[in-house]
Amino acid sequence: MRTREGEHLKADITAKLHHILENVEKVETRAPEILTEYIANLKTKMYEFLGDIQIDESRLASEMVIFADKICTDEETVRLKAHVHSMLETLESGVGIGRKLDFIAQEMNREANTILSKVNDLETLNLAIELKTEIEKIREQIQNIE
């Protein structure tokens, strides 16, 4: 019976991990769109405030670089995907994996928190919250694994 329960837990966690990977892909896809939207909004506001006054393109470029650096989640998404793959491999390895899975889940949660702290976009915010929710569900399931 424990073996059967273990297989169900493994299947459930695996499904959740694949869902996390899908959402990470969405976060990665959304990132350049956020920057493009920011640039368009920044230009629009500058033209509204400055009217016919010439805009210093180097200043505008500087603002874009600062913003892009501030919201960049590339490192976090790469590490999060690596943790997901590590957890999938660990699930396949067998006995005595509970503590390792718990540690990996903590690392996944750390990356999701960092993504949340960097986002200023509603769509990405919702994706990051969903990532955290799935990770927390996995952590709860891991408590049942030795």
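In which kind of crossing, left-handed or right-handed, does helix 1 pass helix 5? The crossing is left-handed, a term used if the near helix is turned anticlockwise from the far one by less than a right angle, with right-handed used if clockwise. Helices here are DSSP runs (H or I, at least four residues), numbered from the N terminus.

This is a predicted model, in which local features need pLDDT of at least 70 and side-chain atom pairs count only at pLDDT 80 or more, while totals for chains, interfaces and linings use all residues. Residues are numbered from 1 along each chain as its sequence is written, and side-chain values use heavy atoms, with hydrogens and water left out.

Axes are lines fitted to C-alpha atoms, for helices over the stretch in contact, and angles run from 0 to 180 degrees between N-to-C directions.

Thr 124 is buried, at 3% relative accessible area; buried means under 20% (1.4 Å probe, protein chains only). Leaving aside residues up to four places away in sequence, Thr 124 touches Val 27, Arg 30, Ile 34 and Val 119. Between Thr 124 and Val 24 there are 9.7 Å from C-alpha to C-alpha, and the two are 100 residues apart in sequence.

Helix 5 also meets helix 4: the axes come within 9 Å and cross at roughly 165 degrees, so these two helices are roughly antiparallel as well. This crossing is left-handed. Among the residues that make the contact are Leu 101 and Ala 105 of helix 4 and Ile 135 and Ile 142 of helix 5.

The largest nonpolar core has 23 residues, and Leu 17, Ile 20, Met 87 and Met 108 have the most contacts inside it. Such a core is a set of buried Ala, Val, Leu, Ile, Met, Phe, Trp, Tyr and Cys residues joined through side-chain atoms within 4.5 Å. Helix 1, helix 3 (74-93), helix 4 (98-118) and helix 5 each give two or more residues to this core, and helix 4 gives the largest share, 6 residues.

How values were computed:
Buried < 20%, exposed > 50% of the residue type's maximum accessible area, 1.4 Å probe, protein only. Contact = heavy atoms within 4.5 Å. Parallel < 35°, antiparallel > 145°, perpendicular 65-115°, else oblique.
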